[in-house]
Amino acid sequence: MNSTSKLGAANNDTPKHVARYIENFIDLVENVPNDLSRRITRLHELQLDYESSLAKLEANLTKFTRPQKNSDGSTNDLRQLKLLLATQHHLSRMQEMSDSKLTIVQEALDQLDCKSRELDQDYKQINQATSDSTEQASGTSGSNNKNTKSATSSGRNQSSASTSSQPKSSHRESPEPTYCVCHQVSYGDMICCDNDACEIEWFHFQCVSLTSKPKGKWYCPNCRGDRSNQLKK
C-alpha cells in the first residue's frame with residue numbers, strides 16, 4: 001500500500017473513532033445518570049429495610065434478656081427459642097441487605113470505570129488516527145520536496161556542467177596596481193617619495209596628511225628622518 005492509500009485509510013478511520021466517541025459520550029450523559037439514580041433509590045430502600053430489621057433485632061434482644069416466667073416460676077423456654085430464631089433471621093436478613101448495598105455500589109463504580117475507559121480508548125484512537133494522518137501527510141510532502149530538490153539540484157548540476165564545458169577566455173585582465181600605505185589603487189592627488197629606494201613610491205595626500213604639494217624634496221614616513229624633507233640615515 002502506497003503512502004496515499006495509507007493516508008486515505010487513516011483519514012477514513014478518524015470519523016469512525018469520532019462517531020464512536022460521541023456515541024459513548026451521549027450514552028454516558030443520558031443513561032448513566034438514570035442508572036445511578038435507580039441504584040441510589042434502591043440503596044435508600046435497602047437502608048430503610050435494614051433500619052427496620054435492626055429495630056426488630058434490638059426489640060428481640062431486649063425481650064430475650066427479660067424472659068417471661070411460667071405460672072410455676074420457670075422460664076418460658078419456648079418463647080426464648082422463638083426470640084433466638086427471630087434474632088437469627090433478622091441478622092441474616094441484615095447481612096443480605098449489607099451485601100446487596102455493597103454490590104450496588106460496586107456495580108455503579110464498575111459502570112463508571114467502564115464508560116471512562118471506553119471514552120479514553122476512543123480518544124486515544126482519535127489522536128492516533130490524527131497523528132498518523134499528520135505524519136503520513138508530512139512524509140508525502142517531504143518526499144515531494146525531496147523530489148523537487150533533487151530535480152532542482154540535477155538541473156543546477158547540468159547547468160554547472162554546461163557552464164564548465166564552455167571554453168574559458170584566454171584573455172585575462174591584469175589587476176590594477178596598488179600604492180600608498182593603504183594599499184589602494186591610484187586616485188586623487190598623489191605624491192612620490194624622493195627616495196629612489198622607497199618600496200612604495202607613491203602616496204595619497206590624505207594618507208600622509210598632505211593638503212598640497214610641498215616645496216623641495218619630500219620623503220614618506222618610512223624613509224624620512226626628523227623632517228619630511230630629510231632622508232633617514
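This talk walks through one predicted model, from a helix to a nonpolar core and its cysteines.

Some ground rules. The model is predicted, so local features need pLDDT of at least 70 and side-chain atom pairs count only at pLDDT 80 or more, while totals for chains, interfaces and linings use all residues. Residues are numbered from 1 along each chain as its sequence is written, and side-chain values use heavy atoms, with hydrogens and water left out.

Let's start with helix α2. Helices here are DSSP runs of H or I with at least four residues, strands are runs of E with at least two, and both are numbered from the N terminus. Helix α2 covers residues 32-64. How far apart are its end C-alpha atoms? They are 47 Å apart. The expected span is 1.5 Å times one less than the number of residues.

Which residues of α2 are buried? They are V32, D35, L46, S53, L57 and N60. Buried means under 20% relative accessible area, exposed means over 50%, and partly exposed is in between, with a 1.4 Å probe and protein chains only. Now a general point. An α-helix has 3.6 residues a turn, so residues three or four places apart point the same way.

Take S53. Its relative accessibility is 9%, so S53 counts as buried. What does S53 contact, beyond neighbours within four places in sequence? The partners are H90, R93, M94 and M97. Contact means heavy atoms within 4.5 Å.

One more feature, at Y50. K101 lies over the face of that ring, 4.8 Å from the ring centre. The rule for a charge over a ring: NZ of Lys or CZ of Arg within 6 Å of the ring centre and within 35 degrees of the ring normal.

Now the cores. A nonpolar core is a set of buried Ala, Val, Leu, Ile, Met, Phe, Trp, Tyr and Cys residues joined through side-chain atoms within 4.5 Å. The largest has 12 residues, among them I191, V208, L210 and Y219. A second, separate core has five residues, including L46, L57, M94 and I104.

Back to the largest core. C193 belongs to it. Leaving out residues up to four places away in sequence, C193 touches C198, E201, F203, W218, Y219, C220 and C223.

How many aromatic pairs does the whole structure hold? The search finds one. F203 and W218 form that pair, edge-to-face, 5.9 Å centre to centre with 70° between the planes. Rings of Phe, Tyr and Trp (its six-membered ring) pair if their centres lie within 6.5 Å; planes under 30 degrees apart are stacked, over 60 edge-to-face, the rest tilted. F203 sits in strand β4 and W218 in the segment after β4, so the pair ties together parts 15 residues apart in sequence. F203 is buried at 0%, and W218 is buried at 3%.

Next, the cysteines. C198 is buried at 8%, and C220 at 0%.

Last, two backbone angles. C180 has a phi near 65°, positive in a residue other than glycine. C180 lies in the loop between β1 and β2, and is buried at 1%. S209 also has a positive phi, about 60°, and is not a glycine. S209 is in the segment after β4. Buried or exposed? S209 is exposed, at 68%.
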